[in-house]
Amino acid sequence: HSHASKGTLAADRSMLNGIPLAPSQLTLAEYLAGRGYNTAAFVANYVWLARQFGLQQGFAWYHDRPRYLIFLKSGTPLYKHGLRIADRLLGRNGKLLQGYWSARTVTRFARSWTAKNSRTPFFLFLNYMDPHETYAPLPGFDRIQGKDIPYNDMLTHLSRWQKFRDDYITNGGTLDETFLQQVANQYDGELAYCDHFLGEFIESLKEQGIYDNTLIIITSDHGEFFGEHQLLNHGVGIYEGGLRVPILVKYPGREHAGEVISERVSIGDIFATVLEVLGFALPECSARPLGAAARPILAEDYENHQKVRQYGERFRRSQTVIYSGDWKYIHSSNGSHELYNLRSDPQETINLVDLRPAIARDLAAGIADWREKTPYFDGTAHIQEQMTPEMRRRLRSLGYLGGGASH
């Protein structure tokens, strides 16, 4: 708005690239709800999966509430030292005041819901948040790689870790082997913690006698960087550390048990897979059922003004990625294109764009063809709500707006 103050404009820009899902888009929950399925979601990431972003479409029950939010001046000595002492006394490893629900609680919600709703067909979406910074697994999971790796207390305090992370991404520096072991140990502990409670939920489905007839899909929205390409955390690049994630599928009746698909697929294909298994017609979309013929897979990363401001000029570009067989081509708006053979160079250290120009041209043509044939959808034209002060507070509480979080 032309009459908005500078402060308002700055606040609006804090929305980053978080464009809400347009109401005109059909979600999997909506599709299944319209065909008699009871639908529910329990989400731990109360920021990006909050109903204000439109992901509640189609869910009869959508739990997106934070555990609690505390907005205090985290720099005061009483807060800083008092919280740390209380946290240590209670053995919470930096998780005393985390705002998101733990895997233990998300699983408890899910078990309670299925116990009451398993007599009719249901679609249940669970979002776990634990394998994120801060890397602070609870005792029992905090020595996952062995007792000889000392626990790094800095990783349990978000503001200190963020300062280190931002400096490394911006200025480089050295990540010594001991530090990387500590980070990986604590991150793996978060994964093991999440895995443990996923296992508890699956056991509960068996106890209720509905496991065999249930389709279960486990995946992730991103990976995590641990120093590769001068990157830490996630949301900062389109290399394999961020893009490559697992998709684990348990089909009803042990169908496809033990099978492994080596071809690269998209998490968007989950949409088509669910409908195929349930015997429903697939609407017009780009998704294909898992196990279908291999095809080029694409991904995109748009220029984000906050990343440029936070980390520097190397992030002033939009990128499109295309995978075909062993090859991965990255087309960049700033002209610095990249080509990698993931079979011989899984760490993406040798850019072959100048040495294999014919392959680069073919893959670039694939991107151009995809752009030409894919209708452009501007979700911002359909947004019905502006970001509220509450949403900005939620973003800040998880550290998405930079600086330390007060939880």
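Which residues touch the most other members of the largest nonpolar core? They are L28, L32, L124, L126 and Y128, in a core of 50 residues. A nonpolar core is a set of buried Ala, Val, Leu, Ile, Met, Phe, Trp, Tyr and Cys residues joined through side-chain atoms within 4.5 Å. Buried means under 20% relative accessible area, exposed means over 50%, and partly exposed lies in between, with a 1.4 Å probe and protein chains only.

This is a predicted model, in which local features need pLDDT of at least 70 and side-chain atom pairs count only at pLDDT 80 or more, while totals for chains, interfaces and linings use all residues. Residues are numbered from 1 along each chain as its sequence is written, and side-chain values use heavy atoms, with hydrogens and water left out.

The chain has 407 residues, of which 44% count as buried. It holds 11 helices and 11 strands; these are DSSP runs numbered from the N terminus, helices being H or I with at least four residues and strands E with at least two. Contact means heavy atoms within 4.5 Å. Among the contacts in the chain with a separation of 6 or more, 66% are between residues 24 or more positions apart.

Now back to the core. Of its 50 residues, L28, L32, L124, L126 and Y128 touch the most other members. Two or more residues come from each of α2 (28-33), β1 (38-43), α4 (103-117), β3 (122-127), α6 (177-207) and α8 (269-278). Helix α6 gives the most, with eight residues. Leaving aside residues up to four places away in sequence, L124 touches A40, F42, A110, W113, T114 and F201. Apart from this core lies another, of 26 residues, including Y168, F179, F315 and Y323.

Strand β10 contains K328. With a relative accessible area of 0%, K328 is buried. From K328 to L339 the distance is 5.8 Å, C-alpha to C-alpha, though they are 11 residues apart in sequence.

Aromatic rings come next. Rings of Phe, Tyr and Trp (its six-membered ring) pair if their centres lie within 6.5 Å; planes under 30 degrees apart count as stacked, over 60 as edge-to-face and the rest as tilted. By this rule there are 19 aromatic pairs. The rings of W48 and F53 have centres 5.2 Å apart and planes at 45°, so this pair is tilted. The rings of Y135 and W161 have centres 5.5 Å apart and planes at 65°, so that pair is edge-to-face. Y135 lies in the loop between β3 and α5 (158-171) and W161 in helix α5, so the pair ties together parts that are 26 residues apart in sequence. Both Y135 and W161 are buried.
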